[in-house]
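Please look over the structure shown below, which is a predicted model.

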Amino acid sequence: MTGKFIVIEGLDATGKSTLVAKLAEALNANLLQCPPRLEAPEFIDGDLRSYFDDRPSAQRRAYYRAANLIASEQAEVALQAGHVVMDRYWTSTIAFAALDDDSDLDQEWQGRYPPELLKPDTVILLTIDEENRAKRMRGRGEPVTTEENNLAANTTRRETVLQIYRTFDPIEIDTSDLTRDAVLETVLAVLYRSGLDIIAI
């Protein structure tokens with residue numbers, strides 16, 4: 001039996017990481033992330049994402065594009081055993097490309113997947129109002145990427161990223177006034193209503 005490929009998207013502090021873990025558990029699904037966590041100790045100290053996040057925009061975009069192919073291959077294999085819940089995917093690569101002034105990647109691929117990538121069965125986009133987002137960001141002890149810092153400081157760019165996410169026709173859920181458990185319940189209900197066969201395998 002093959003499973004369904006579900007991608008969870010959203011800016012930092014929307015509850016994305018928590019939902020990914022809880023949804024994967026609820027569906028007995030394989031949990032993957034994009035970019036996959038890969039280490040290259042022979043030339044960097046740490047994982048590849050941290051390294052390329054500090055590189056010039058053209059190199060960073062090339063890394064994320066390649067990382068999507070790896071994540072796609074991982075998902076295709078994992079789907080043979082059951083559902084896959086993925087933390088970010090091609091949708092994020094295109095949305096965040098809008099932050100690079102020299103990029104036309106977001107314009108070329110808005111709402112579209114390259115033929116070499118596996119297309120998700122559904123994309124869930126979590127959103128949050130700015131008051132709650134700022135409150136959650138202050139309460140987090142996790143490192144924040146340069147791109148996320150840029151978004152926090154620029155409402156216009158943040159909205160641009162969200163609009164590009166929306167070109168992929170995601171199911172959008174506002175988490176502003178929802179508890180973590182309520183976010184999970186809402187997503188499960190929405191998935192069932194959408195007709196996606198997501199019984200735990």
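## Aromatic pairs

Tyr-51 is partly exposed, its relative accessible area being 28%, whereas Phe-52, at 18%, is buried, because the limit for a buried residue is under 20%.

The rings of Tyr-63 and Tyr-64 also form a pair, with centres 5.0 Å apart and planes at 70°; since an angle over 60 degrees counts as edge-to-face, this pair is given that description. Tyr-63 and Tyr-64 are both buried. Elsewhere, ring pairs join Phe-5, Tyr-89, Tyr-113 and Phe-168 into a cluster.

## Helix 3 against helix 4

Helix 3, covering residues 57-78, and helix 4, covering residues 90-97, have axes that come within 9 Å of each other and cross at roughly 165°. Because angles over 145 degrees fall in that class, the two helices are roughly antiparallel to each other. The crossing in which helix 3 passes helix 4 is left-handed.

On the side of helix 3, the contact is made by Arg-61, Tyr-64, Arg-65 and Asn-68, and on the side of helix 4 by Trp-90, Thr-93 and Ala-97.

## Gln-163

Is Gln-163 buried, partly exposed or exposed? With a relative accessibility of 41%, Gln-163 counts as partly exposed, because this class lies between the limits of 20% and 50%. Gln-163 belongs to helix 8, which spans residues 155-166. Although Gln-163 and Ala-95 are separated by 68 residues in sequence, their C-alpha atoms are 8.1 Å apart in space.

## The chain as a whole

The chain contains nine helices and five strands, and, read from the N terminus, its elements follow the order β-α-β-α-α-β-α-α-β-α-α-α-β-α. Of its 201 residues, 49% count as buried. When contacts between residues at least 6 apart in sequence are considered, 78% of them join residues at least 24 apart.

Notes:
Residues numbered from 1 in each chain as written. Predicted model: local features only at pLDDT ≥ 70, side-chain atom pairs only at ≥ 80, totals over all residues. Heavy atoms only, no water. Helix = DSSP H or I, 4+ residues; strand = E, 2+ residues; numbered from the N terminus. Buried < 20%, exposed > 50% of the residue type's maximum accessible area, 1.4 Å probe, protein only. Axes fitted to C-alpha atoms, helices over the stretch in contact; angles between N-to-C directions. Parallel < 35°, antiparallel > 145°, perpendicular 65-115°, else oblique. Left-handed = near helix turned anticlockwise from the far one by under 90°. Contact = heavy atoms within 4.5 Å. Phe/Tyr/Trp six-rings, centres within 6.5 Å; stacked < 30°, edge-to-face > 60°.
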